[in-house]
Amino acid sequence: MISLKRSKTTGELVPATGITSQKWRIYTPNQNKDFPISRSRFDEFLNCPRCFYLKTNRGFVSPSIPGFTLNTLTDTLLKKEFDICRNKQEPHRILVKNNLSHIVPYKTEKIKDSKGNEKLLIDVWRDSLRGGIKHRFKDTNIILQGGLDDVWFNTKTKELIVADYKSQQDNNGVSQETYFKKPYKSGYKIQMDFYAYLLKSLGYKVSSDSYLYICNAKEIDDFNGKMLFDEILIHYKVNTDYLEDKIQKMINVMNSEKVPDSNESCENCAYAKQRSVIDKLETK
């Protein structure tokens with residue numbers, strides 16, 4: 001896919017520099033100023049340290065991709081449903097269906113945002129752009145953060161449960177036995193682990209159980225302007241034991257002046273390498 005840079009305000013094509021103009025997004029090794037690292041940026045480090053370093057420390061900008069607006073709408077509609085249940089402190093229908101009636105959406109207190117406006121804490125946690133859930137990693141200047149989809153509450157154990165919504169289309173259907181067999185689904189596990197780790201770090205009692213709410217679009221004969229979804233709840237046992245070691249390794253890379261090696265399977269690095277070969281030949 002070839003991506004063209006456009007102005008966010010006018011939509012007009014503008015020159016693509018490949019470097020961010022927002023200097024605060026660039027990390028200087030061993031700087032003292034706090035620096036945010038999102039869940040997705042941490043995932044980039046795990047996938048390819050070189051791409052992560054060039055984006056974080058050198059300000060490289062990856063080619064943009066279109067937003068998944070249909071997935072976003074699905075998330076929004078589910079959040080509205082769960083907020084109704086949150087206010088009533090009753091289980092959502094998918095929980096009842098799966099014999100999990102003792103689980104309800106977590107009802108948080110109200111807090112004031114940076115502008116003094118009152119918001120529910122759950123709304124701050126879900127807003128990855130203007131808030132999110134945040135935690136300083138140990139005694140470093142690295143602020144780990146991320147916007148989660150939802151948090152549920154186990155009324156029996158009094159534990160918080162990380163929940164995430166996923167939209168997809170798979171004619172083979174979705175099942176607990178096969179869901180995590182596809183390689184890219186491992187990223188979903190890391191996502192759930194990361195959010196559970198942040199909640200634990202903030203002092204919350206967090207369940208080892210987490211759930212993915214899957215909306216799988218069905219292929220039907222009579223479309224008629226409507227899409228139908230199967231709704232499936234996938235269970236995942238979170239594991240946070242490995243995260244501190246990985247996060248520390250990420251910080252060590254950030255504080256190094258040396259650009260790390262790439263993942264040999266990284267397609268971005270492979271493309272850049274092949275492109276550089278052509279560029280060198282043309283300049284001879």
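# A guided tour of the predicted model

The protein exposes about 17600 Å², and carbon and sulfur atoms supply 51% of that area; accessible areas come from the Shrake-Rupley method with a 1.4 Å probe, and for residues only the protein chains shown count as cover. This is a predicted model, in which local features need pLDDT of at least 70 and side-chain atom pairs count only at pLDDT 80 or more, whereas totals for chains, interfaces and linings use all residues. Residues are numbered from 1 along each chain as its sequence is written, and side-chain values use heavy atoms, with hydrogens and water left out.

**The whole chain**

Display the C-alpha trace, which spans about 70 × 55 × 40 Å along its principal axes. Of the 284 residues in the protein, 40% are buried. Buried means under 20% relative accessible area, exposed means over 50%, and partly exposed lies in between (1.4 Å probe, protein chains only).

Contacts, defined by heavy atoms within 4.5 Å, may be considered next. Among contacts between residues at least 6 apart in sequence, 65% join residues at least 24 apart.

Colouring by charge shows 46 positive and 36 negative side chains, and the centres of the two sets lie 4 Å apart. Here Lys and Arg count as positive and Asp and Glu as negative, while His and the chain ends are not counted; the place of a charge is taken as NZ of Lys, CZ of Arg, CG of Asp or CD of Glu.

**Helices α1 and α2**

Select helix α1 (residues 39-47), where R41 lies. The buried residues of α1 are R39, R41, F42, D43 and F45, and they pack against β1, α2, β6, α6 (186-201) and α7.

Is R41 buried or exposed? R41 counts as buried, because its relative accessibility is 18%. Leaving aside neighbours within four places in sequence, R41 is in contact with F52, K55 and T56. For a distance check, pick R41 and F137: they are 96 residues apart in sequence and 15 Å apart in space, C-alpha to C-alpha.

Move to helix α2 (residues 49-56), in which F52, Y53, L54, K55 and T56 are buried. The cover over the buried residues of α2 includes β1 (35-38), α1 and α7 (243-254).

**Helix α3 and the nonpolar patch**

Show the surface and select L70, L73, L77, F223, M227 and F229, which form a nonpolar patch with about 570 Å² of accessible area together. Patches are made of residues with over 30% relative accessible area and no salt bridge; like charges are joined within 9 Å, and nonpolar side chains (Val, Leu, Ile, Met, Phe, Trp, Tyr) within 5 Å. Helix α3 (residues 69-88) gives the most to this patch, with 3 residues. L73 is found in helix α3 and is partly exposed, with a relative accessible area of 46%.

**Salt bridges**

A search of the whole structure finds 17 salt bridges, each being a side-chain nitrogen of Lys or Arg within 4 Å of a carboxyl oxygen of Asp or Glu.

Select D149 and K79, whose side chains meet in a salt bridge (3.8 Å, N to O). D149 lies in the loop between β6 (142-146) and β7 (150-154) and K79 in helix α3, so the pair ties together parts that are 70 residues apart in sequence. Both D149 and K79 are buried.

Next, select R130 and D127, which meet in a salt bridge through their side chains (3.1 Å, N to O). R130 counts as exposed at 66% relative accessibility, whereas D127 is buried, with a relative accessible area of 15%.

A further selection is D83, R86, D123, R126 and D150, which are linked in a network of salt bridges.

K237 forms a salt bridge with D209, the closest N and O atoms being 3.2 Å apart. The pair links distant parts of the chain, with K237 in strand β10 (residues 229-237) and D209 in strand β9 (residues 209-217), 28 residues apart. K237 is partly exposed, with a relative accessible area of 48%, and D209 is partly exposed at 21%.

Finally, select V238, found in the loop between β10 and α7. V238 counts as buried, at 12% relative accessibility. Which residues are in contact with V238, leaving aside its neighbours within four places in sequence? They are M192, D193, A196, S207, S208 and S210. V238 and S207 are 31 residues apart in sequence and 8.2 Å apart in space, C-alpha to C-alpha.

Terms used: Helix = DSSP H or I, 4+ residues; strand = E, 2+ residues; numbered from the N terminus.
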